Each structure stands twice: as C-alpha cells, then as structure tokens.
Amino acid sequence: MRIHVTDVVDGDVLRDDVFNNYGLHILSRNAVLYSAEISKLLQHQIDYIDVLERSNIISNSLADFDLLERTLETTVSPKWVPQVKPIYDAVVQNIQDLFHIARTENIIDTEAAAAAFNPLLQNLHLERDVVSLLLLLNNQDSYTYQHSVQVGMLSYYLANWLGLSEEEATIAGNAGFLHDIGKCKIDDALLNKPEKLTNEEFEEIKLHTVYGYDIIMNSHANKEIALGALQHHERMNGSGYPHGVIGQEISQIGRIIAVTDIYSAMISSRAYQKERDLLFVLKELYRLSFSELDPVITQTFIKHMIPNFIGKRIKLNDDRTGSIVMTHPTEFFSPLIQVDLQFIDLTLERKLEITHVYF
C-alpha cells in the first residue's frame, strides 16, 4: 500500500527499493522502518513510499519476519547461515560426486543434480546480501566444487536481475552449477598447479569446456545447460575459447556464466592466488565489460552487487577509514561515505577513492 512518510508506523516494511531525486539508493526493499529510516526518507525529501500490507507482516512466522528485517544495509544474519550451510555443504558434496561419476562414465544424472541444487536456489530468495553470504558459506577446502556451487548461485541471481523468468533463472543456475563438469577429465595436479602453465598444459585445460559439453549432451540435458559448459570462457571480442566465437554468437547463458565465473574465481583464495579485494574484483569486471564481457549483463551484475557494500567499513587512499552510506546508480565505485562526522561524496571528491572494503 502507498502511504505518506509521516504515516509510517514502526515496523512497516518497504515493498520496493527507494531512490532519491538524484537516483541515489536510499533504502532497500524489505527494509523495516523505524525512526532512523523515517528520518533518512525525510532528509531526502521523499514524500510517499510503498509498504507491505500490515496484515501480511503480522501473519508471517517469526522466522520469516527475522529474515524480512535484514536489508542490504546489514550483513547476513548469523542466525540464518546455519539454516543454509548444511544445504550448501550437501550441494558441494553432490557436485564432487558428479565429477567422480562423469570421470568414469562420461554421463551424469542431470535430473538428480537439479534436485540436489534447486533447494539451495529456493533458499536464496531469503537473503539479499550476496557478498556476505558467499563469504560466510565459503571455506578453504575443495575449491573446484565450491566454485561450481557459487557460480550456480550467482548465475541464478544474475538471471533474475536481468528480468528472466523463474524457469529461465533456474536453468541458468543449474548451468552455472555444471559449467565446470568437464574438469573431471583434467588431471587434478594440472588443475591445482601453483606455477604458470606451459602452452601445452593450457591447451589441455581449455578442453574442459568441450568435455563438459559432451558429458551434459550425453546425459540428455537441456542444451542451454550444455552451452553454459561450452561457452563460459568465450569472450565478446573473440579472444576466448574453445571456438573464439564473438558477440551474440555466444549464448545468453554462456555470457551470464562468463561474468559469475570470473567473479567467483577472483574472490577465492587458492594456493597460487591471493584473495582480491571485493571492490577491485567488481572494478575489473567493469573494465572487462568494454571488451570481453557482455556490457549489459556485466553492469547489471555490478549494479546489484554494489548496494551490498552499504554499511561496510572502508579504507580510503589517504588512509582514513569510514563506512559506505549510499551507492550511486551509475558511478558504481564513487559512493557517499561517512568518515567520523563528515559525509564525503566521492563523485565530487575525485582525488579520493576506496582502496579496501572490510568484511
């Protein structure tokens, strides 16, 4: 229902994200409104907002209401992680089992794989802070298998953000889950080699895309899922592999997984790769969106990931620390920040930039 800000009752819940007249993000959908939130709305001269019907809120279970309270301005609730962590761990074990089966039989039960993965997708509806969620679920073990699960999760999110249907988003999620299945045919020592690969070794690694496509097609799965395995290393400018196709010749699922695959790989910490700062990773994706990655898909991903940084503590290039107050809808990496009692708009203070985000 649409109400004036002065008519808000403590505990009302926003139905949609709220932006001010300059397009800056103020509050997120599902934010629970109290005096601090109402004050923020008034400060930005926002008169009317849409809130959920109060009867619907009251009828929710306490558990659901706890989930509703979390917004992009907060981190993932520690109470929520134990609910999803067992599902996540089971899915990681499932993809590991699929790798072993595919290695020997060159076929997998894709319906069973979807049945194992889809409960995780259903739980993703409950949590919007994607950045913190992945950090809390992640651990240092079994990189290849966790990477597959994370790419599936992120591909599902991204497909939703692009406006695809729930069915299409689920297919994208399952394609992300299975995108690296062809690595079952690559020797583990080569996959985990800490030194630089030789040309011959890199050519062998490249074949995991073809192996994956063949395994999924042998399994009589949706061809879109197979194309995700085949094309997630293809690039818009033709510099990718295995076939060097360009632009729209790459399937939409291939272009989606290309983005989520790079993000997941860059935020991970492997023996031969230091974990990168999360804002640096998004900046790198933004740079690639002008050459190698689909610009609409990539910048949609960044646009929806950036608000997850609201409320996070940051360090500036002048060594001061503060926190992100608001994000900008187009200048992704120049948010409004607070340092002590001072507010600094990085779209105006061009000499300042964020060098680290603390989680």
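Good morning. Residues are numbered from 1 along the chain as its sequence is written. Because the model is predicted, local features need pLDDT of at least 70 and side-chain atom pairs count only at pLDDT 80 or more, while totals for chains, interfaces and linings use all residues; side-chain values use heavy atoms, without hydrogens and water.

I begin with confidence. The chain averages a pLDDT of 84, where pLDDT is the predictor's confidence in each residue, from 0 to 100. A score of at least 70 is reached by 84% of the residues. Over residues 57-79, however, pLDDT stays under 50. Where pLDDT is low, the predicted coordinates should not be read in detail.

Next, the overall fold. The chain has 15 helices and 9 strands; these are DSSP runs, of at least four residues (H or I) for helices and at least two (E) for strands, numbered from the N terminus. Of the 359 residues, 52% are buried, meaning under 20% relative accessible area with a 1.4 Å probe, protein chains only.

How do α7 and α13 cross? The axes of α7 (residues 143-161) and α13 (residues 252-267) come within 9 Å and cross at roughly 135°; axes are lines fitted to C-alpha atoms, for helices over the stretch in contact, and angles run from 0 to 180 degrees between N-to-C directions. The two helices are therefore oblique to each other, as angles under 35 degrees count as roughly parallel, over 145 as roughly antiparallel, 65 to 115 as roughly perpendicular and the rest as oblique. Among the residues that meet are Leu-154 and Leu-158 in α7 and Ile-257 and Tyr-263 in α13.

Methods:
Buried means under 20% relative accessible area, exposed over 50%, partly exposed in between (1.4 Å probe, protein chains only). Contact means heavy atoms within 4.5 Å.
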